[in-house]
Amino acid sequence: MIAKKRLSLTIFSSLIAELFGKIAPLAILAMGQRRLGIETLGFVLVGITLIEVCFPFITFGYNQYATIEWGTLRTDEARRQMVRNLWVLKGLHALVAWGFLLGLCWFSAEYHPYLSLMVALGFMLFLAAVECLWIQVATQKIAMYGLFNSMAKIVSVIFIYLWVKTPADGTLYAIGVLGANGLVCLFTVFACRKWISLGAPHFSQLVPICQRVKGYAVVAIWLIWMDRVDMFWVNHQFSAHEIGLYAGASRLNQALLQLIWILAWAFFSEAVVTVGKKALSHHLQLATFTVFSFLAPISVGIFFFAEDFLRLLVGPDYTGMALPLSLLVLGSIGTAGILLLGQQVLQLRQSVGKMFAALAMGFILSLAMAFLTTSHWGLSGVAASQLVGKLFAAAWMLYWACPFLDRVPWREMGTCWVPAAIMGMGLYLFPQSQWVWRMVLAFGIYGVSFVAINHRRLRGWRAGLLTPDL
């Protein structure tokens, strides 16, 4: 029953913290639009994206490798030595990444305006190097992570509210946005202080570790690039005003993706210690049901609420982004499939190469579709290319994950998507002019239909749905 209590606590605390913490990112985006303007906000968000795409190069698969290897280490000293080794390796990667960004902005005329921003935000790269979330995942102790993540975002809101007043404060806005991530990195160090001690790394172990993490590294880098490539495409193909519009919609979608990542990490933490084909299948079924019970109604409902959502949060100038935002949110289905099938099945079953192949094919398809559709569909074409690329990658991962599973969790997906489809039909047949009444109708239809379809499964939650796999 320990695993049941631990996973339940992790899931529910993460959900509560994330739902509470979603107010903060939305407030941050709204303040950015109102105080910086659309064009300056777009410029700053592209700069933040430049920093974010370096994070997987810094972690470079070390986190995934160490999470899986943690249980094989027999002594506490060996684990502390692993932490010291990884800090040195990730610190070197951070230094290289910062040098690359500074060089890019110094020598490239297109990115030269971002030079001062890269200098100011360099601290985040080194904080990412010491982040210890992977230890919390390896020890199944990530329940507090979501709560502190939300608290850090609130600090970010306060900072931006007090210090960001005009478009000239774009750098301060970027520091406020990424500063929340920096606080979370420091929290993970504090939470894992038991495993941290001063001392020299074992230099003889560094090169073998680098060789062993190459597969994880390639997957981690491609996963983030696939999720961010649209921003660079938009930056090259559209005007500053359009870049700002798309960056705002993309940032709203990232808030949803963070919820998916948090849930996926919670289940990955338990999947690491899951043994056996039947146990893995049961674990994936539970993970799928949990993730899609939230994702399915959001993916359907966004088509009915996107315009109100944009007008309410970032102003009427963004209402034309309703379709691109809806397509981006729908693409989160692919992200969920990639994390559940790739991270928790292929990666743990040493099929990293197949996971990378699926990501690479999806990435190439998304780029090709963006090239073909941008001239006809504009920003909607870019968002659609993300949707198609992610779904294509997830489909290949599903194909390659089947041999490791007793049963593909179609039933669990269906019991989430059917209520969402009923909700969408109800919203279409009974349109409401006021978004509040539309929201009440959506919650009512989905809630009733979801409970009606899943009443036995929901009763089974307390009866042992989260019992440890044997």
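I started with cysteine 105: its sulfur is 9.8 Å from the closest cysteine sulfur, which sits in cysteine 54, and that is too far for a bond. A note to myself before going on: this is a predicted model.

**Cysteines**

I then looked from the other side. For cysteine 54, the closest cysteine sulfur is the one in cysteine 105, again at 9.8 Å and too far for a bond. I needed the cut-off here: a disulfide calls for two cysteine sulfur atoms within 2.5 Å. I also looked up the total, and the structure holds zero disulfides.

Are these two cysteines buried or exposed? Cysteine 54 counts as buried because its relative accessibility is 7%. Cysteine 105 is buried too, at 0% relative accessibility.

**Helix H5**

Next I turned to helix H5, which covers residues 62–69. I found it mostly covered, with seven of its eight residues buried. Among the buried ones I noted Tyr62, Asn63, Gln64 and Tyr65; Ala66, Thr67 and Glu69 are buried as well.

**Lysine 390**

My last stop was lysine 390, which I found in helix H18, residues 379–401. Is this lysine buried or exposed? It counts as buried, because its relative accessibility is 4%.

I wanted to know what lysine 390 touches, leaving aside neighbours within four places in sequence. My list of its contacts reads Met226, Asp227, Leu257, Gly331, Gly334, Thr335 and Ile338. I also looked up methionine 361, which is 29 residues from lysine 390 along the chain. The C-alpha atoms of these two residues are separated by 9.5 Å.

Key
Residues numbered from 1 in each chain as written. Predicted model: local features only at pLDDT ≥ 70, side-chain atom pairs only at ≥ 80, totals over all residues. Heavy atoms only, no water. Helix = DSSP H or I, 4+ residues; strand = E, 2+ residues; numbered from the N terminus. Buried < 20%, exposed > 50% of the residue type's maximum accessible area, 1.4 Å probe, protein only. Contact = heavy atoms within 4.5 Å.
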